[in-house]
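This report goes through one chain of a model, from its overall make-up to its contacts and pairings. The sequence and structure come before the text.

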Amino acid sequence: MAPRPARLPRVLLVEDDPDLAGMYAERLTHGGLKVELITNGLTALKRLEESDPPNGIILDLMLPGASGFDILNYIKQDARLASIPVIICTAFADDSRQQQAATLGFTDYYLKTHLTPGDLTNLMRQRLHLT
Amino acid sequence: MRRYLYPFLVISWWLACGFLGFLSFENRHFWIAAFIWIIGGFILTALVNRLNRAEKRVNRLEHSRRKQAEYIALAVHELNTPLAALRGRLDMLINENLADLTRQQRNQFKPVLTASRRLDALVSDLLDAARIETGRFRLRRQPTDLRPILNECWTEIQPLLNQEARHRFSLPSGDLQINGDAMRLRQCIRNLLSNAAKYADNGPVRLVLKKTDSHYIITIADQGIGLNTDEISSLGGRFWQSESPDRQPGTGLGLFIVKQLIHSHHGTITFHSAGLGHGLEVTITLPRSTN
């Protein structure tokens with residue numbers, strides 16, 4: 001009997017811009033990750049309340065429904081999610097948001113224009129100890 | 001501040017007036033006590049009103065500065081979002097070749113990638129200038145070695161230089177430590193070198209660093225189209241544009257940002273040109289690390 005293929009690591013991609021969401025999803029999938037795309041902050045919060053958390057999270061900050069910081073606060077308070085790597089990928093280039101995220105304990109903060117989809121995929125694979 | 005200042009003023013007033021009034025009353029000079037009380041009351045009210053007005057003005061300015069900074073952050077966010085999609089897709093097409101493009105097709109896309117990088121640099125310049133204007137510019141200073149920064153910038157600029165010309169790159173031996181923000185110092189050197197390469201008119205470019213006891217002196221110079229001597233004093237001003245037809249128009253923010261960055265490092269920057277056709281020499285001084 002052939003061995004069952006290993007389950008791909010699941011990455012929750014929270015991104016509301018359709019062009020970027022499509023591009024990141026395509027590249028992450030190409031990089032061997034299973035992508036679950038959510039385009040609304042509130043839906044992302046509801047998803048994180050469910051019993052099967054993702055293996056990694058890629059998070060935009062400016063989202064409809066609830067902001068990326070609402071999601072970061074939720075992740076910080078929920079012990080089940082504490083060990084999940086979170087990569088913040090935002091178009092906000094100001095230091096204050098980066099500092100705010102660092103204060104919450106999230107230091108993987110990247111500007112979208114400076115992180116190519118390939119870099120993002122490699123980074124997530126590193127955080128998931130796949131490379 | 002206000003929390004402590006106003007009660008302090010009022011309590012001081014009561015104590016002072018009470019004391020003077022008591023002395024006057026003791027001496028049976030009741031009218032003098034009343035006079036001091038009333039005049040003092042007027043003066044105190046006027047003073048507190050004036051302080052209140054000044055404070056409201058400061059609060060209004062601070063509020064407007066915060067709004068301005070937030071507006072700029074949002075504007076940059078809106079510019080960066082489509083730019084990230086553009087750069088990301090181009091990177092997947094050209095550098096990762098995920099669409100199996102032919103070499104010719106990839107080459108055709110390369111100028112688009114270069115243009116998107118320029119657009120990214122322009123957005124960054126606008127954001128830096130806005131940060132400087134709104135007083136929200138922060139350096140991340142730490143012990144930094146200038147040598148790799150200068151080496152890296154000099155290597156980067158090579159494709160833009162005429163390889164026939166006799167360029168000069170000279171660094172002294174020993175450590176080149178500085179307490180500075182490496183990313184911002186790299187931005188300054190890169191900007192000045194790319195200007196030198198752009199206006200060198202195929203002539204030589206020079207990057208020389210010298211050490212004194214207290215400072216590093218970095219000179220970046222070309223022998224190209226130069227500047228009118230009367231324009232030199234305006235160089236590094238915000239939105240400055242040369243009147244020379246040989247100079248390419250830009251946003252006028254690059255040198256403004258460089259100047260502010262060097263000043264933030266407690267350094268100086270000076271420009272010298274012997275006139276049109278005689279190139280431009282930029283001299284930066286930066287304090288050496290004391291430890």
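## Basis and burial

A residue is called buried if 20 or more other C-beta atoms lie within 10 Å of its own, with C-beta atoms placed from the backbone. By that criterion, 24% of the 291 residues in chain B are buried.

The model is predicted: local features need pLDDT of at least 70 and side-chain atom pairs count only at pLDDT 80 or more, while totals for chains, interfaces and linings use all residues. Residues are numbered from 1 along each chain as its sequence is written, and chains are lettered from A and ligands numbered from 1 in the order in which they are written.

## Elements of chain B

Chain B has 6 helices and 7 strands, taken as DSSP runs (helices: H or I, at least four residues; strands: E, at least two) and numbered from the N terminus. Their order from the N terminus is α-α-α-β-α-β-β-α-β-β-α-β-β.

Two residues are in contact if their C-beta atoms, placed from the backbone, lie within 7 Å. Of the contacts in chain B with a separation of 6 or more, 66% link residues 24 or more positions apart.

## Side facing chain A

Contacts between the chains involve 18 residues of chain B and 17 residues of chain A. On the chain B side, helix H2 (30-95) and helix H3 (103-133) are the elements that give two or more residues. H2(B) gives the most, with 13 residues.

By class, this side of chain B holds 8 nonpolar, 4 polar and 6 charged residues. Here Ala, Val, Leu, Ile, Met, Phe, Trp, Tyr, Cys and Pro count as nonpolar, Asp, Glu, Lys and Arg as charged, and the others, Gly among them, as polar.

## Strand pairing around E4(B)

Strands pair if DSSP finds at least two bridges between them. Strand E4 (residues 205-211) of chain B runs parallel to strand E2 (residues 168-170) of chain B, joined by 3 bridges; in one of these, B:Ser170 is partnered with B:Val208.

With strand E5 (residues 215-222) of chain B, E4(B) pairs in the antiparallel sense over 7 bridges. B:Leu207 is opposite B:Ile220 in E5(B), and a hairpin of 3 residues connects E4(B) to E5(B).

## Packing of H5(B) and H6(B)

The axes of helix H5 (residues 182-199) and helix H6 (residues 254-264) of chain B come within 10 Å and cross at roughly 140°. Axes are lines fitted to C-alpha atoms over the stretch in contact, and angles run from 0 to 180 degrees between N-to-C directions. H5(B) is therefore oblique to H6(B), since angles under 35 degrees count as roughly parallel, over 145 as roughly antiparallel, 65 to 115 as roughly perpendicular and the rest as oblique.

In H5(B), B:Arg184, B:Gln187, B:Cys188, B:Asn191 and B:Leu192 meet B:Gly254, B:Val258, B:Leu261 and B:Ile262 of H6(B). This contact comprises 5 nonpolar, 3 polar and 1 charged residues.

Conventions
Buried ≥ 20, exposed ≤ 12 C-beta atoms within 10 Å, placed from the backbone.
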